[in-house]
Amino acid sequence: MIKLDAVTLRRGPRILFAEASFSLFRGEKVGITGENGSGKTSLMALVQGHLQPDAGHFEMPTNLEVAHVAQELDATDQPALEFVLDGDSALRALQARIAAAEAATDENHDHGTRLATLYAEYASSGGYDASARAAQLMHGLGFSSADEARAVRDFSGGWRVRLNVARALMCRSDLLLLDEPTNHLDLDAILWLEGWLKEYPGTLLLIAHDREFLDRVVNRIVNIEHERALLYRGNYSDFEVTRAMQLSQQSALFAKQQREIAHMHSFVERFRASATKARQAQSRLKALERMERIAPAHVDSPFEFSFAPPAKLPRPLLVMREQSVGYGDHMLLNKVSLTVYPGDRIALLGRNGAGKSTLVKLLAGVLQGRGGTRDDARDLAIGYFAQHQLEQLDPAASALLHVQRLAQTLGQRPGEQEQRDYLAGYGFRGNRVFEQIAPFSGGEKARLALALVAYTRPNLLLLDEPTNHLDLEMRQALAMALQEYTGAVVLVSHDRHLLTTVSDRFLLVSDGRVSDFDGDLDDYARWLSTGDSAAQAAPGKSAAKASQEPAAKPAGTKADAQQRRRETADQRQATAPLRSRLARCEKRLAELAAEAHRLDAQLAAPGTYTPGQAKQLQELTVQRARIAQETEAVEAQWLQLTDDLERAG
């Protein structure tokens, strides 16, 4: 269907990729990956015919119906539903032919036959249910029924992007081109789009920086890096494994990947005594196993930064009791109570418009709470990354000037080299730090905005969609930096990998309330799909399980209290063997963790890799593998015992 034969593509004098040779076939779903500026969008432009190869040959059938998401949308008075319907150009052309035939004054037999034929063609092409299809696409992407009649000009920039996506999906295409379609979508819209694309019968070319989205949608990867475009079989995780094998001989990767893996282990160690965290611990172990396989694929990432330790870490950082917040007379969230401690990793879940960003603004002090109380620690220092943070940057200033201005505001006088070294961790190197940021890409501006937030050394990070515009490597670097950060994090994101690897606690924002969500992201997806009262009453549990649980009993008499204490004592005695075995597992896990830490330190030492230490290196590697194997077995036993204890009450 699409064939590249020794294709070279340039941007000005710079080669994006050279000698690219691969074929894409009908029905394949292909993810295009690579760092910002590597040539992903240019490859899309080549497929659309907007660019021609600088060398080699590109072939594609000329009769393909190609759909793509327009980069811009004119602010018109056209109703949104009609705008989406325009995506089906064949249907619109047929409607025009019918209108022309109806307007004709010819009343002969041929005229009636022609109209009948056109109406039959209209029916067979799905014309009568086209409006319903368009409305379904809009609703899946987060629009309400009332939005269908609103003028296009009435929508904000992000919602206009969604309209463009809906219009592209409306086209009955053979080839669908999507360039970062998830950037302006929230998690529930992403989950819906994911399901739609799985069922799409045509060929898909997709640029996305959401690894979970790529994993669940695509079955091929075209990766562009180091002026090469190579085709890999499988999804993004499969690509990472293949690429990791190619990089596995680089000894420096071991120490780098240990930080992220250690964070995963620490989650299990922190919550091994909490039965309610068993499901998240199981999810974390699965992610750990996957992470140990893929971490080498990011050994040559251009980003290496960390969040500096906060100057002070008071406990707690913030205590909020029974506070409500909203806009005007409308209260969006009611009686929110939340305590945040150093080390907390809190992710907010909820449907679009439920109030996640409003809660972050309340925590940041941008919105004032009504009623209740709020107690901030004396040394509370908030770092707030808002959804529209990029708009607050000065387009005429350089990245270095932004940092210098911030340092002056903070009363600091660091040297220029120190500031340049800091910016280098965020990908700004050489003369790039002196350039005005006006022509910077969205990803570069997002990296600078993150750098400015981190520069203030906050002890509470509030991140509202920080990954918009960030590529996969920067998202990976951000995840690792957040894992090592010693302050607290409250996070809103549609990036499921970031949510899984960073957060320890989920809060569900729904129906004006904020409550703990005892489950993982798969449970959340199921909760979104059910949407019934049972699911809402028991987030993280299936509706069936929710309906089987007994209702809470009201407080009773003194005799009732004594009965409950007796039942608790009996239950404690019955579960004593389980708790004893669980304690033995915990002790062994602590011993294994200490041994693993000792071996990791030796393996990370540069002297271990000198030519004369080959035998010692082999022995250390064997010991580390044995420790990892035993740790996995003991963790599995611990999780099983935790589940058994939870079922026992």
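Please keep in mind that the model is predicted, with local features needing pLDDT of at least 70, side-chain atom pairs counting only at pLDDT 80 or more, and totals for chains, interfaces and linings using all residues. Residues are numbered from 1 along each chain as its sequence is written, and side-chain values use heavy atoms, with hydrogens and water left out.

Let us start with a sheet. Three strands form an open sheet in the order β2-β1-β4, with antiparallel pairing. Here β2 (14-24) and β4 (55-59) are the edge strands, each with a single partner, so one side of each has no neighbour in the sheet. On average, neighbouring strands of this sheet are turned by 25° against each other, direction ignored. Strands and helices are DSSP runs numbered from the N terminus, with at least two residues (E) for a strand and at least four (H or I) for a helix; two strands pair if DSSP finds at least two bridges between them. Strand β1 (residues 2-11) is joined to β4 by four bridges, and the two run antiparallel. Within β4, F58 is the residue opposite L4.

Across β1, β2 and β4 lies helix α1 (residues 40-48), running at about 125° to β1. Such angles run from 0 to 180 degrees between N-to-C directions, and axes are lines fitted to C-alpha atoms, for helices over the stretch in contact. Seven of the nine residues of α1 are buried, so the helix is largely enclosed by the rest of the structure. "Buried" stands for under 20% relative accessible area, "exposed" for over 50%, and "partly exposed" for values in between (1.4 Å probe, protein chains only). After α1 comes G49, whose phi is positive, near 85°.

Leaving aside neighbours within four places in sequence, K40 is in contact (heavy atoms within 4.5 Å) with I32, T33, G34, E35, I207, H209 and I224. K40 and V222 are 182 residues apart in sequence, and 9.1 Å separates them in space, C-alpha to C-alpha.

I207 leads us to strand β7 (residues 203-207), where five of the five residues are buried, so the strand is largely enclosed by the rest of the structure. Both of its faces are covered, with T203, L205 and I207 on one side and L204 and L206 on the other. Strand β3 (residues 29-33) runs parallel to β7, joined by four bridges, and G31 stands opposite L206. Strand β6 (residues 175-179) also pairs with β7 in the parallel sense, over five bridges; there, D179 has I207 as its bridge partner.

Finally, which residues touch the most other members of the largest nonpolar core? Among its 51 residues, they are V84, L163, L176, L197, L204, L206 and F213. Helix α6 (residues 157-170) gives the most to this core, with six residues. A nonpolar core is a set of buried Ala, Val, Leu, Ile, Met, Phe, Trp, Tyr and Cys residues joined through side-chain atoms within 4.5 Å. Not counting residues up to four places away in sequence, L176 touches A67, A168, L169, W196, L197, Y200, T203, L204 and L205. A second, separate core holds 47 residues, including A399, L448, M474 and L478.
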